[in-house]
Amino acid sequence: MAVGRPVEAVAEIPEVAGRRRWLAVVSEFCRKRPLGAVGAAVVLINVVVGLGANVIAPYDPVATDYGAMLAPPSASHWLGTDAFGRDVLSRIIYGSRTAMLVGFACAFLGATVGAVIGVASAYFAGKVDLILQRVMDIFLAFPLIILALAVVSILGTGIGNVIIAIAIPMIPRAALVTRSSALAIREMPYVDAARAAGFRHRRIILRHMLPNVMAPYLIMLTAYLGQAILAEASLTFLGLGVSEPTPAWGLMLRGAAVQFAETAPWMAIFPGLAISLAVFAFNLFGDSLRDALDPRLRAQ
Amino acid sequence: MTRYIVKRLLLMIPTLLSVAVIIFFLMRIVPGDIVELRFAGESAYAQKENLDKERARLGLDKPIWTQFVTWMGGLLRLDFGTSMWTGAPISEEIRLRFALSLQLAIMATIVAILLAIPLGVIAALRQDTWVDYAVRIMSIAGLATPSFWLGIVFILGLLIIFKWLPPMVYTPFWVNPVQNLAQLIWPALAVGYRYSAVATRMTRSAMLEVLREDYIRTARAKGLWEKLILSRHALKNAMLPVLTVIALEFAFLIGGLVVTEQVFNLNGLGLLFVEAIGHRDYTLTQALVMLVAFVFIFVNFLVDLAYAWLDPRIRFR
Amino acid sequence: MTRVRFRTSTLRALIAGVAGVMSMLFTTAGGEAQDKPRYGGELVFVVPTEPASYDAHREGTFALVHPLAPVYSTLLRFDPTDRTGTKVIGDLAESWTVAKDGRTYTFKIRRGVKFHDGSDLTSKDVKASYDKIVNPPADVVSFRKGQYTAVEAIEAPDPSTVIFRLKWPAASMITALASPFNWIYKADILAKDMHWYETHVMGSGPFVFVEHVKGAYWAGKKNPSYWDKGKPYLDSYRALVVKDGNAQVAAVRAERAHIQFRGFTPAERDSIVQALGPKATVQESPWDCVLLVGMNHEKKPWDDKRARKALTLALDRYQGSQALSKIAVVKSVGGVQVPGTPFATPPEELEKLAGYSRDIAKSRAEARRLLKEAGVPDNFSFGLKNRNVPMPYEAVAIWLVDQWRQIGLQARHEFIESTKWEADLREGNYEVAVDTQCSYAVDPDLDLYKFQSMGISGNNYGRYVDKVLDDLYQKQSRALDAEERKKWVRDFERRLVDEEAHYFYTLQWHRIIPHSVKLRGWTVTPSHYLNNQLDTVWLSE
C-alpha cells in the first residue's frame, strides 16, 4: 500500500563546517525563497510570542471583567474583549503558547516515531518489514476521528492527551515516507560495506541511515506542525480538545464567537486570523524548505 | 496481472479483520456505555433497575467474548445487525446517509480537480514568477483555513448578504436536481477548495519534474504552449502521484466530513459517525469503521493497480 | 473603529427594543387570545436532536416530545395558555374527583375519542398505558416509574371511568398524571407487543403521523376526526432535524422554520430579531432546568461540609446573573424551585441562605474562614468535571472557576464528552462536577427527587446518605395542604444547600424563544417538555 515511489539515490549531506556556513545558507534561503523566508519569520514570531507570553500579554488571559463584556477594540483592549470581558489579544498571545506546544510536540512525536519505524522497517526488511507495514496499513485505514475520540475518551481531555490523539495518526504516514527514502539508501554500497565490516545494527542505522533520511524527516516535521495546529483547533471546536478557561485559539472560535459573529466580530476574526496565519506560515516555510533541501524528493 | 490482483485482494482480508478486532475492543475500553447516556442526564428518575434491564436487552450483560463472537460471526456473513440506539437495521441507517456523502465527495472532487490541475500546471510553467507565488499562496491558504471556519463564513455570507439559506433537507439529484445542487454546491465548494490545495501542489511538482526532462529543456526557446504540448506524454506518468492524492482524499471524504456536515446541516455519514460514538452505539460505530476502512483500503488497492498497470516492475516485487 | 461602535450602539437599541416587546408580552398576556384563529398552513419547527425510540414511556428527551406530542393524547395536560406551566386541565379526562383521604382518584374519560386507526379510545386503553408506566413487565423499561410508587392499583370499571388507588396520599399525583410523556397507547396493541410503540407511531391526538426520515425531518397532518371539534387549526406540521446551533438560528432567520421550541441564547435571539425585525417576536420565561455543583462526599476535602459550603459562599450569584444573562441561557437566582412559582422561596428569605447573601465580601470572608477551619490549603487545586455542551455548561463553568479563584481555590476545568461525564458522575469518579437537572413541570416531587440519599435516588452523584433529608422529602410529598408542603420544601432546601451543602444551585436557566410573528396561539412555559400538542397553534397571514 506504499504510496509515493522509491526515491532516487540521495547523496550524503555534507558535514557542516561552522557557524559562518549556516549564515550563508540562511541568507541564500532568504534570497532564493522569499515566501519561505516570510513563513520562517512568522513562525519565529509565533514561537517568541508563545514563550514570552507572560511578559508580552497586557492582561491575565483568564481574568474576567464583567464590566467590559464584548467591548470593541479600543486603546485599552487592542483587539477587544470576549463574552466574559477577557482581553482577546492576551488570549491570542497565550493561545500561541498552547498552539506552539501542541504543534511542536505532535509534529516531533509523530514524525520521529514514524521515522524510527520507517527506518527499522526498511533496514531489517523481510518479516519485520512485512509485519510493520501491515500494522501501519491498519492504522492508516482507521478513521482519524475515531482514533482521536478514542484517545480523548479513554484518557480524558487536556493538552497532553490532545497531543497524543493528534500525533498517533501521523505516525503511519511518517513511517511510509521515511521507509521509501530509507529503502533507497539501504541499497547504497556504503551500507553494504558497513555491514560487511561487521558494524552493529544500531551503529549502521544511527550513523549511516538516519542522516540520510533527515531531509524527508524535516519536511514532514514542518508539514505536521501546521496540521497539528489545525487539528487541535478542530478537535477543540468539536468539544474534544483543551478546556476553558485555558487560552487556546480553537476555544476562542467555539460557541460564543460564532453567536456574536455579527455584533462582536472581533471575537471570531482575530483568533481565526491567528490560526490561519500560523498554519500558513508553517506551510510556506515547509514548502520552501522542501524545495531547498532536495529537488529529488519532489515525488512526495 | 490477474495473479497480482488476486494477491492484493487477499491481502485486504487480514487488514480488515484486524480493524474489526481493534474497533471492537477499543469501543469497550472507552468509558461509559449506551445505557448510561440514555437513562441519565437532564431528566430525573434514572434508576439502576432500568439500566440493568436495558443492558440485558442489548446483550451488554453477556461476557465480552460472547459479544465478540456474535459480532465477528455477523461480520463474516456481512450482517451488521441493528443499531443499539435506534433499533433499526444498520444497513438502513447507513443507506439513508450514504447517497448524500457519496454525492458530496464526488462534487468536492470535481471542484478540486477543476481548480488543481490548471492552477498547478500554470504555476509550474511560470515557476518563481508572481503567478507561481499567487497560486502557491492560494493553495497554502486553503490548507491553512480551518474547515469549520470556512463553512461558517459561507453560511453567514449567504444569510447576511443574500438573506438566503441553502435547502435544509436533502433531495436526491434525480428527484429535483436544482434543489439538490442548491444544497450541496456550498459544502462542495468549501471542501473542494481545501482539498484542491494538496492536489495543486502535487500537480505543480509533478509538472516541474516533467519540465526538467532533457527534451523539454532543450525546447526552452519555444513558447509556453509548445512546452505544454511537448510535456503531454510525460505528464501522464507524472500525474500518478496527483491521482494518488486525489484518490486518498476521496476515500477520506466518505465519513470524514464531520465538521462540514455539522456546519452545513447535512445528514451524512460523518455526523452519524460522531453520534454513534457519542451514544456508544457499538454496533453502528463498528459497522461505520468497517465501511470507512473498506473504502480506504479499496481505493488504495485501485491506486496500486494503476501503478502496477503503468509500471510492470511493481507486479513482480 | 467608528463603524464598530455604531454597530454596538444599534445593538443596544435593539436589546432595548426586545425588552420593550417582552414587557408588552407580559402585560398584555390576553391580547393574543382576542385574535380569531385562522385555519390552514404548515407549521415548520426545528428540533435539535433525535430520540432513540418512539416510545415516550421509555424516553426522557424533548427530542421525542416535540415532534410526536401532536400525535398523542394524555390523560391530563398542562393548560397551554398558562405561563407558569403548573395549571392542570383534562385532556382525555373530562372531569375527575379526589376522595377525601386523598387516596382515590376517579377520572371520567371523554366518549367519542378515536385512535387514528379508527378504533374507539376507552378507559381500557388508559389503564393499559398506565399499567405499562407504573408496573412494566420484566423486559420493558419505564423511564419515570419511580414517580408512581404511590400507585397501588389502576382500575377501569366501565369504558368511561378510570380509578387510581394510592397507597398513601400524594401531593403531586395530578401533576404526575399530566406528564407530557405519558401518551395513551392502544390496549390491544400493547397486549400483543409491549415493544410495538418503540418503532411505530399511532395515537389519538390532533395530528396524524406521516413519516420520520432519520436525521432529516418528521411530518404530521391534521386529524379530521379529533375529538375537540374545530381543532387543530393547522393543516400539517413538519419538524426539521437541525443539530448545529448556528444552523438552527439560520433556519429561523431565513424563515425556513417558524420556531425552535427548546430555546435560543441571548445572542441568537438578538441576531434573529435584528434580521427579521417586525417579522419576529420573543417569548421568555425562567426555565425549569438548573446547573448544579455536585461535590463527591467520598473524596477529601468534600467530605467536610465546611469545604462544601465555602464553594457555594464564593459565588456572587447576583452579579453572575446580571453578566451571564447577556451571554448564556441562565438568568434568575433561585433555590430548589423556579422563582415565582407556588413553592418557591421568596427572594428576601432566599438571601438568608449560604451563597445567596447580597454582601459578597462577607460571604467570601466566611468561605475563606471555613476553608481554613477545614484544613484546605491556600491555592488548593481540584478537578471540575463538566459536560462538553457549550450552552450553558461551558459559560457557567468559566464563571465558577473565576469565582472560586477569588477565595483562593484553583479549579481545573475538564470539559468531557457527555457519555464519559455521565459515567464518571455515576461511578463517583470525580471531585467536583457540574451536574444538571430538568423537569417537565415545576413541582417539588420532580425537582427534589434527585437529592435523596444514594440508593433511593438513582442520580444522587454527591454520594451521600442523609436520612433527615429523605424524611423531609417524604413529608412534603405527602402533605396535601399547600402551606404545610411549602414549609417542608423550605426545610428541605435549607438543609440541602445551606446546613449540609450537599449540592448547590448555580443559576436558573432562562428559556428564550424568538419566533415568527405568524406563529400564534402558543405560550412559553418554564419547561421545554410542555405545550407541544399544537392543537391551539395557528398561523396568521
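**The sheet of chain C and its setting**

Author: Within the sheet, Gly220(C) has Tyr237(C) of S10(C) as its bridge partner. That bridge belongs to the antiparallel pairing of strand S9 (residues 217–222) of chain C with strand S10 (residues 236–241) of chain C, which runs over five bridges. Here strands (E, at least two residues) and helices (H or I, at least four residues) are DSSP runs numbered from the N terminus, and two strands pair if DSSP finds at least two bridges between them. Strands of a sheet pair through backbone hydrogen bonds, either parallel or antiparallel.

The two strands sit in an open sheet of five strands in chain C, in the order S8-S9-S10-S1-S11 and with mixed pairing. Its edge strands are S8 (207–213) and S11 (259–260) of chain C, each of which pairs on one side only.

This is a predicted model, in which local features need pLDDT of at least 70 and side-chain atom pairs count only at pLDDT 80 or more, whereas totals for chains, interfaces and linings use all residues. Residues are numbered from 1 along each chain as its sequence is written, while chains are lettered from A and ligands numbered from 1 in the order in which they are written.

As for confidence, pLDDT is the predictor's confidence in each residue, from 0 to 100; chain C has a mean of 91, with 94% of its residues at 70 or more. Over residues 1–33 of chain C, however, the pLDDT is below 50, and this stretch has 22 contacts in the model beyond near neighbours in sequence, a contact being two residues whose C-beta atoms, placed from the backbone, lie within 7 Å. For the complex, the predictor gives an ipTM of 0.85 and a pTM of 0.86.

Chain C also touches its partners. On one side, 41 residues of chain B are in contact with 44 residues of chain C, and H3(B) supplies the largest share of the chain B side, five residues. That side divides into 19 nonpolar, 11 polar and 11 charged residues, where Ala, Val, Leu, Ile, Met, Phe, Trp, Tyr, Cys and Pro count as nonpolar, Asp, Glu, Lys and Arg as charged, and the others, Gly among them, as polar. Chain B itself has 15 helices and zero strands.

With chain A, 23 residues of that chain are in contact with 30 residues of chain C, and helix H12 (residues 256–259) of chain A gives the most to the chain A side, with three residues.
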